[in-house]
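Let's take a friendly walk through a protein model. Keep the sequence and the 3D view side by side as you read.

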Amino acid sequence: DVVEPDQAKVRDYCAAEREKGTKPHTINKQMKVRSSWYRFLGIEMELPKVRERAVPDAWIPTNTEFETILHASGHMSTRKEVNLRNSIIAHIAFFGGARIGEIVQINLVDIQDNGIRIRSEKGEAERIIGLPDKIMNDVRKYISDYRPNTDQTALFTTPKGRMTYDYIRNIAKRIGAFTGIKKFHWHAARHWCATALLKGYRGAKPIDIRMVQIHLG
């Protein structure tokens, strides 16, 4: 209720946002806006503040680390369906520069002939990311043979429903432990994607920075 706010409900809202995977910085920005609004209404209320991690310099995997991580994503489990799913997620992150929240939001209808539609989690433009033919074939195989049908719309699912933000983040942790590249996280894949496109990967022609911006949304 934005006119007669209840402090307990505001705290419950923040807790629900964290559970959903919303970043602390985003929640704190929302609370700052609410604080200004409540002061305008003449309401004194102490709003929650979520602890934010200090932002270090961006770590960008080397090409060798990228290749190690990508290979490991499809080989670290004894279950082939898990390897297939994790390999697809890694390719979307590295080749498409997709954020975790954007991977979570991918639906079955977003699978196109020429790639995958990505809905931005930050209100940016939707985009289609192209993937190698082999990976697109892997996506279709995952859907037809292995995807748990616990959510009618989501591409990536678990026995309990749509795959969550934390579930996908933990896949990166397992890849990091498996490869020994323990600082690996999915956003580093986005950094690698941008850098590889700008500099040219393994002798490929560098891409104009504006086209890189469009590719990343």
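## Finding the open spaces

On a 1 Å grid over the protein atoms alone, a pocket is an open set of points where a 1.4 Å probe fits, with protein on both sides within 12 Å along at least five of seven lines, and a lining residue has an atom within 4 Å of a point. Grid points are joined across faces, edges and corners, and the volume is the space filled by probe spheres set on the points. Rolling a probe the size of a water molecule over the atoms shows where empty space is left.

This is a predicted model, in which local features need pLDDT of at least 70 and side-chain atom pairs count only at pLDDT 80 or more, while totals for chains, interfaces and linings use all residues. Residues are numbered from 1 along each chain as its sequence is written, and side-chain values use heavy atoms, with hydrogens and water left out.

## The overall layout

The protein has 9 helices and 5 strands. Here helices (H or I, at least four residues) and strands (E, at least two) are DSSP runs, numbered from the N terminus. Along the sequence, they follow the pattern α-α-α-α-α-β-β-β-α-β-β-α-α-α. The C-alpha atoms fill a box of roughly 60 × 40 × 35 Å, taken along the principal axes.

Of the 217 residues, 41% are buried. Buried means under 20% relative accessible area, exposed means over 50%, and partly exposed is in between (1.4 Å probe, protein chains only).

The largest pocket has a volume of about 1600 Å³. Its lining has 37 residues, and K23, P24, R53, Y165 and H187 lie nearest the centre. Two or more lining residues come from each of α1 (7-20), α2, α5 (100-104), α7 (165-179) and α8 (186-199). Helix α7 gives the most, with 5 residues. The lining divides into 12 nonpolar, 9 polar and 16 charged residues. In this count, Ala, Val, Leu, Ile, Met, Phe, Trp, Tyr, Cys and Pro are nonpolar, Asp, Glu, Lys and Arg are charged, and the others, Gly among them, are polar.

The second largest pocket has a volume of about 210 Å³. Residues lining this pocket include R79, E81, Y142, T157 and R174. At least two lining residues each come from α4 (80-96), α6 (133-146), β4 (157-158) and α7, and α4 supplies the largest share, 3 residues. This lining divides into 6 nonpolar, 2 polar and 4 charged residues.

## Rings that meet

How many aromatic pairs does a search of the whole structure find? There are 10 aromatic pairs. Rings of Phe, Tyr and Trp (its six-membered ring) pair if their centres lie within 6.5 Å; planes under 30 degrees apart count as stacked, over 60 as edge-to-face and the rest as tilted. The W37 and F40 pair is stacked, because the ring centres are 5.5 Å apart and the planes are at 25°. Both residues lie in helix α2 (residues 24-41), 3 residues apart, about one turn of the helix. W37 is partly exposed at 38% relative accessibility, whereas F40 is exposed at 64%.

Now turn to W192 and Y201. Their ring centres are 5.4 Å apart and their planes are at 75°, so this pair is edge-to-face. W192 is buried, with a relative accessible area of 5%, while Y201 is partly exposed at 25%. Together with F66, F94, F95, F184 and W186, these two residues form one aromatic cluster.

A ring can also meet a charge. The charged end of R34 sits over the ring of Y13, 4.8 Å from the ring centre; this requires NZ of Lys or CZ of Arg to be within 6 Å of the ring centre and within 35 degrees of the ring normal.

In what order do the 3 strands of the open sheet lie? The order is β1-β2-β3, with antiparallel pairing. Two strands pair if DSSP finds at least two bridges between them. The edge strands, β1 (111-112) and β3 (127-129), each pair on one side only.

A hairpin joins β1 to β2 through 2 residues, and 2 bridges link β1 to β2 (residues 115-118). I111 stands opposite I116 in β2, and Q112 has G115 as its bridge partner there.
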